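Please read it with the model open.

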Amino acid sequence: MGFVGLTTAAIFAKRGMRVYGVDNDLTKLHMIKRSKLPFFEPGLQPLVRSAMASGMFIPTEDLHKAIKESSIVFICVGTPMKQDGSVDFQYLEQVSINLGKEIESSDRFIVICVKSTVPPGTSEKIVLGNIEKTSGKKCNKDFGIAMTPEFLREGSAVSDSDNPHLIVIGSNNNKTAKIVKDLFVSIYGSKSNILQTNIVSAELIKYANNSFLATKISFINTIANICNNIPGADVDVIAKAIGTDPRIGPQFLAAGPGYGGSCFPKDIAGFIHYCDDIGYDPILLKATDKVNKGQVNIIMDILTKKLGSLEGKAITILGTAFKKNTDDIRESVSIKLIFQLIALGANVKVHDPLALNNTRLALSDKVKYASSLESALKDSECIILMTDWDEYKSIDRHLFQKDTKKCMLLDTRRLLVSADMQGIDYVALGRPIEINDG
Ligand code: UGA
């Protein structure tokens, strides 16, 4: 019942399916049962509430009952990143073993769809393998396996899930593929864009999709880093121009502090690890990852060149969420930056419209927390805008209420390029950055 599982459950229920939402985290389940979400996602809470009220969505810890009542199961557990970049399969292993135990006593043909993002081969090796081993039953005869990757984004999960641009059904068996296709057609209609393929290609589609988007971001960040050094250059003009070429497209060309979140960093790392394992050196993916990890150093470099020593400097961070419209700080570049600032002795104050609770869990008393923009900006010597929250677009109004003489503002997302920044040393990633030596 994470982002993918809960959103999928609520949308499927809204569209007429009876859905059991199973999780072994009882605290999370009890919250959901009380229509409280364990995370923030725009529009999801009312959807969950009405899906429960209609009786179509049933959150439960009772896997046995859920499987007994279901004909199709979606596995939506996390596949986090291990220290070495490889994928941690522990949740997938556990859930497959538990499903195997349930399937052992079942005499119906049940289909298991893997929605979790996994490297090629995983659905068969870990899910199919564990189910066959634990249940003593045979895949394609007693149960089916499919891989149905998910493309929803945090912050717009509800509309992404309600209007998927593509539904991928990966299966190595016609009967299984038909059952899954019939389900999606009855949920989204016969005109929905469905692509049927085998399991391994479905797994690869997801990795390729995320890798391409991440590469697009690292590409435009590379152009932005070049622009930092060229008088008159502006990355947004360049992005706008190249985005009109239909072969490139305008999306995912917003340069910034680098991509974060629970997906791109771990999926690129997992894909690289997988490629190395099969004996192929994925130099492009490694470059994408390297550019992304380097963005925080570009920011640190600008700060130290502009401000000199950061020891004792009052620095305000605007935004700790990895992007706007979420309270998620996983792999947020902002948090990585804050750790580097603290290590150099800066006094850091943070502000975020939604993510302060999660930020406290990560940073405890290492930083100060500002509950309003006014208190965030007060007495700051350097403001770093990290997250693209809409409310930061009008920050200039707050700025002019304070004594701004000595203040520098580093806008990593260029939210304020057209604002009147008189009196402030305004610098933006992707625009020329002047360093006054001495
Ligand atoms: C991403 C994909 O967009 C989804 O399609 C996919 O389903 C999901 O991962 C997943 O695999 O579960 P998400 O991580 O929620 O979704 O958010 P994105 O909107 O893709 O943003 C990821 C990061 O890239 C953020 O830090 C964002 O600020 C950054 N980004 C995005 C940019 O720096 N520039 C852009 O132009 C776009």
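1. Which residue places a backbone N or O atom 3.3 Å from an oxygen atom of the ligand? It is leucine 253. This is a polar contact, a pair of N or O atoms within 3.5 Å.

2. A caution on the source: this is a predicted model, where local features need pLDDT of at least 70, side-chain atom pairs need pLDDT 80 or more, and totals for chains, interfaces and linings use all residues. Residues are numbered from 1 along each chain as its sequence is written, and side-chain values use heavy atoms, without hydrogens and water.

3. Lysine 206 has a side-chain N or O atom 2.8 Å from a ligand oxygen. Lysine 323 has a polar side-chain atom 2.8 Å from a ligand oxygen. Taken alone, the ligand exposes 710 Å² (Shrake-Rupley method, 1.4 Å probe). The protein buries 91% of that.

4. Now the shell. The ligand is surrounded by 19 residues (a heavy atom within 4 Å). Phe151, Leu152, Glu154, Asn210 and Cys263 are the closest. By type, 10 are nonpolar, two polar and seven charged. Helix α9 (199-227) gives the most, three residues. Helices here are DSSP runs of H or I, at least four residues.

5. Next, the second largest pocket. Its volume is about 410 Å³. Its lining has 18 residues (an atom within 4 Å of a grid point). Those closest to the centre are Met81, Pro265, Asp289, Lys293 and Glu331. The largest share, five residues, comes from α11. α11 also supplies at least two residues of the ligand shell.

Note on methods:
Polar contact = N/O pair within 3.5 Å; in protein donor to acceptor, adjacent residues only side chain to side chain. Nonpolar A, V, L, I, M, F, W, Y, C, P; charged D, E, K, R; others polar. 1 Å grid on protein atoms, 1.4 Å probe; cavity = no way out; pocket = protein on both sides within 12 Å on 5 of 7 lines; lining within 4 Å. Points joined across faces, edges and corners; volume = space filled by probe spheres on them.
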